[in-house]
Amino acid sequence: MAGQRRGTRRRQEVVALGAAALVLASGCASPAPRPDSTGQDIQAVLDRRAAAVVDRDESAYLTAVEPQATAERAVEQREFRNLAEIPLGSWGYRVKSVRHTGARATAEVELRYRIKGYDLSPVVSARTLKLAEHGGRWYIATDRPGKGAGRLLWQQGKVTAVAGGHSLVLGVGQRARLLREVAAVADRAVPAVDSAWQEKWSGRVVVLMPSSLEAMASLLGAPAASYRGIAAVTTGEAGSSGSAPADRVIINPQAFAVLGEFGQRVVVTHETTHVATRTHTTAATPLWLSEGFADWVAYRGSGRTAPQAAPELQSAVRSGSLPATLPTDEDFGFGGDADKLARAYEGGWLACKLIAQKWGEAKLTAFYRAVGAHKTRDGAVEKAMNDVLGTTPEDFAARWREYLRDQLG
């Protein structure tokens, strides 16, 4: 019994010492640091700013701007007013990361906005915000494009909006009459695309027409030289994500102006095709197919012959320079050899025209979808050609070369 009591006492002493150590540790330990809520606080500021845009509340919108940043407040006020004619369906921000030092912070943010009646999913634009803290509240000091992003149309000037039957044209520094003419061209393009591409898409197109080539390049975050002579481009996230991303057709007003009525119709129909096929256009889709298909839709039913629509490739064929292979992605690079670029587009168009003529239009669209459904570029064309067309890339390339001789020789 005595041994048991001594053992019990020792255990009690150990427990007591442990409790004392716990008390001592608790008494000496520093308080747990408060979690940094900067990101949440900035998100709250941006949520209020987004609500102000949707509500068209200029005063509430400007309360998010640093009071001392008078120049920035003037810029933000102009941009808010420039948005007036755009029928916004939603506007929001998502804070992705924050770097915080004292009363200053830099936030990498996604702006997500949707145009009512046109966008099934929002446009996403990367923004870099500099912020300052005053009196426990964060304010925006500057709002600039994020890495790799371009400017937004309303940052270039007052936006004029013209709605067509299937289109919305947003212009800066352009006459309303010209914007109405572009809307009429886009309204013809949508049903032309519908008749060739019988897959679900929005059936509407949003066209941006900035004031100049330089302004167009600014929207794209690229040098103007890259788009000199290019009449229009389409922006949008490629890939089948289960929802249709919001695309924008951006017109180069200088190159577009020198085109005749037929040329303008071809360009806008081509770009509208990219909008319609976007969810089936992935990293697996080669440019000869995506660009060739868009040209095939644009020329479909026009009556234009191969020599009329492919003059550069015809010159090459007749001079004995028959292409050895289908155009590569590199052949479609802007800012390089204009004739080489033209031959790439013409070659892609004739490849799609060959499929439509030999295998049928339904097979062409099925082939397009099958290529885009592949997870990677490797093997995508091979598998789709085998499954849909019952041929191989080597056999198809040989048929294509013979087709070029027949059509252009």
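Predicted model: local features only at pLDDT ≥ 70, side-chain atom pairs only at ≥ 80, totals over all residues.
Trainee: Nice. Which residues in α9 and α12 meet?

Mentor: From α9, the list includes Trp288, Leu289, Phe293, Trp296 and Tyr299. On the α12 side, Tyr345, Trp349, Cys352 and Lys353 are among them.

Trainee: And how do the residues of that contact divide into nonpolar, polar and charged?

Mentor: The contact of α9 with α12 has 10 nonpolar residues, two polar and three charged.

Trainee: Switching to the core: which residues touch the most other members of the largest nonpolar core?

Mentor: That core has 117 residues, and the ones touching the most other members are Trp91, Trp154, Leu170, Trp288, Trp296, Leu350 and Phe367.

Trainee: What is Leu170 in contact with, leaving aside neighbours within four places in sequence?

Mentor: Its partners include Ile86, Ile115, Leu153, Val159 and a run from Val206 through Val207 and Leu208 to Met209.

Trainee: OK, α14 next. Which of its residues are buried?

Mentor: In α14, residues 380–389, the buried ones are Ala380, Val381, Ala384, Met385, Val388 and Leu389. Seen down the axis, they fall within an arc of 120 degrees, so they line one face of the helix.

Trainee: What does that face pack against?

Mentor: The buried residues of α14 pack against α9, α12, α13 and α15. Just after α14, Gly390 takes a positive phi of about 65 degrees.

Trainee: Now the loops. Is Phe332 buried or exposed?

Mentor: Phe332 is buried, with a relative accessible area of 5%. Its place is in the loop between α11 and α12. Leaving aside neighbours within four places in sequence, Phe332 is in contact with Leu287, Trp288 and Glu291, as well as Pro327, Leu341, Ala344 and Tyr345.

Trainee: And His166, where does that lie?

Mentor: His166 lies in the loop between β5 and β6, and is partly exposed at 33% relative accessible area.

Trainee: What does His166 touch, not counting residues up to four places away in sequence?

Mentor: His166 touches Asp187, Val190, Pro191, Gly203, Arg204 and Val205.

Notes: Residues numbered from 1 in each chain as written. Heavy atoms only, no water. Contact = heavy atoms within 4.5 Å. Helix = DSSP H or I, 4+ residues; strand = E, 2+ residues; numbered from the N terminus. Nonpolar A, V, L, I, M, F, W, Y, C, P; charged D, E, K, R; others polar. Core = buried A, V, L, I, M, F, W, Y, C linked by side-chain atoms within 4.5 Å. Buried < 20%, exposed > 50% of the residue type's maximum accessible area, 1.4 Å probe, protein only. Arc of directions from axis to C-beta.
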